[in-house]
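Here's a quick briefing to read alongside the model. Have the sequence and the 3D view open as you go.

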Amino acid sequence: FFAGRKYDLRCFFINAPREALSRRIDARCEHMITQGLLEEVGELLLRGELARDSSAARAIGYRQTIAYLDAFAVKLQTCVHAALQSEGDAHVATASTYIHECDRGANDEALSAFRLYLDEFMSASRQYARAQLKWFRREREFQWLWLDVSDSCESDAGSDESGNDIKAGTHNDGDRNLKESSRAKLNAAITAHAQRVAALTQEPEAAYAAAMASASACAEQAELRQRTYDEARAMKKYLARTTQLAPRSAAERSMVQRARSIAMRLAATNADVKREQQRE
C-alpha cells in the first residue's frame, strides 16, 4: 500500500460490536424523533422549503418522516371530509372516532402507523451503517481499531443522550454509579485509541509502513475484519428494542398527538393547493 505514493497518508477506522452499535443507532433515531424531527420536517414542508423530490427529502430520516406525515395527512383529510357528511352513517362515525382518538394519541391504527414509521427509520439507519462497514472492510489501507461499547450501551438503556433517565423515579444510586462507571470505561478506551493514533501519526513514514506490514499487525487486521463476518451471522437474529418510545406508552401516544397536529396542517395546506389548482 505504501510504495510509490506521493503523499504520506495514514487512515484509521474505529469499529465496535455490531449489536451495540445497532442499539445506539436505534436510540439515536428515537432521540431525533422526540427532539423534534417531525416538527422540523413538517415546518419545512409547510413553508415550501423542502421539495419532496429533492435529494434532502431522500435522506434517511427525512424520507421516512415525509412518507409518514403525508400518509397521516391524507388519512385525516379523508376522515374530516367523511365527518362533515350527514350524521348517522357508520363510515362517518368511524371517521369521527379516528379523529377524536388521534387527538388523544389513543387510536390503534395511528399508533401502529407511528410504530411502522419508527421501525423503518431505525432499519434504514442500521442498513446504512452496515453499508459503511462493508466499504471500510474493502479498504485495506485503513488500520482498524476495536472499541467495545457494549457495557456503555447497556448502561445507557432508558437514558437520553445527556444521560438523564427517561422515566422519572426509575433510577437509584446503584444505577447511576453503573452508568458513570461504564461511561468512564468508554472514555478511557477512546483516550487510549486517540493516543495510539497520535503516536502512529508521529512515526516516520518508513517506520510506520514497516510496522503496519509486520506479521502481528497483519494478523490483527485480519482478525478484526473477520470478526465483522461472524457478527453478521449473529445479527440475523437482531430485534430492535425501543428505550424511549415503547409501544403503547405515554411517550408514544404523545408523539402521535404531535404528528396529528402537523398532519392536520399539512392536510389543510394540501386542500388549499388543490382548490387553487381547480380555480386555474
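**Starting at V80**

Leaving aside residues up to four places away in sequence, V80 touches I99 and M264. Keep in mind that this is a predicted model. V80 sits in helix α3, which covers residues 62-83.

- V80 has a relative accessibility of 29%, so it counts as partly exposed.
- Go 187 residues along the sequence from V80 and you get to A267, yet the two C-alpha atoms are 9.7 Å apart in space.
- Q64 is also a residue of helix α3.
- Buried or exposed, what is Q64? Q64 is buried, because its relative accessible area is 8%, and the cut-off for buried is under 20%.
- Which residues does Q64 touch, once those up to four places away in sequence are set aside? They are A59, Y117, E120, F121 and A124.

**The chain as a whole**

- The chain holds ten helices and two strands.
- Going along the sequence, the order is β-α-α-α-α-α-β-α-α-α-α-α.
- Of the 280 residues in the chain, 36% are buried.
- Take the contacts between residues at least 6 apart in sequence: 80% of them join residues at least 24 apart.

**Helix α2 and its buried face**

- Helix α2 spans residues 37-46, and its buried residues are L37, L38, V41, G42, L44 and L45.
- Looking down the axis of α2, these buried residues fall within an arc of 165 degrees, so they line one face of the helix.
- As background, an α-helix has 3.6 residues a turn, so residues three or four places apart point the same way.
- Just past the end of α2, G48 has a positive phi of about 70 degrees.

**α1 against α5**

- Helix α1 (residues 18-34) and helix α5 (residues 108-138) have axes that come within 9 Å and cross at roughly 135 degrees.
- That angle makes α1 oblique to α5, and α1 passes α5 in a right-handed crossing.
- On the α1 side, the contact uses R18, S22, I25, D26, C29, E30, M32 and I33.
- Those residues meet F114, Y117, L118, F121, M122, S125, R126, A129 and R130 of α5.
- How do the residues of this contact divide by class? The contact of α1 with α5 has ten nonpolar, two polar and five charged residues.
- Y117 and F121, which are among the α5 residues meeting α1, are also among the residues that Q64 touches.

**α5 against α9**

- α5 also packs with helix α9 (residues 215-234), at an angle of about 150 degrees and with the axes 11 Å apart.
- Why is the pair called roughly antiparallel? The angle between α5 and α9 is about 150 degrees, and angles over 145 count as roughly antiparallel, so α5 is roughly antiparallel to α9.
- α5 passes α9 in a left-handed crossing.
- L133, F136 and R137 of α5 make the contact with R225, T228 and Y229 of α9.
- Sorted by class, the α5 and α9 contact has three nonpolar, one polar and two charged residues.

Terms used
Residues are numbered from 1 along each chain as its sequence is written. This is a predicted model: local features need pLDDT of at least 70, side-chain atom pairs count only at pLDDT 80 or more; totals for chains, interfaces and linings use all residues. Side-chain values use heavy atoms; hydrogens and water are left out. Buried means under 20% relative accessible area, exposed over 50%, partly exposed in between (1.4 Å probe, protein chains only). Helices (H or I, at least four residues) and strands (E, at least two) are DSSP runs, numbered from the N terminus. The arc is that of the directions from the helix axis to the C-beta atoms. Axes are lines fitted to C-alpha atoms, for helices over the stretch in contact, and angles run from 0 to 180 degrees between N-to-C directions. Angles under 35 degrees count as roughly parallel, over 145 as roughly antiparallel, 65 to 115 as roughly perpendicular and the rest as oblique. A crossing is left-handed if the near helix is turned anticlockwise from the far one by less than a right angle, and right-handed if clockwise. Contact means heavy atoms within 4.5 Å. Ala, Val, Leu, Ile, Met, Phe, Trp, Tyr, Cys and Pro count as nonpolar, Asp, Glu, Lys and Arg as charged, and the others, Gly among them, as polar.
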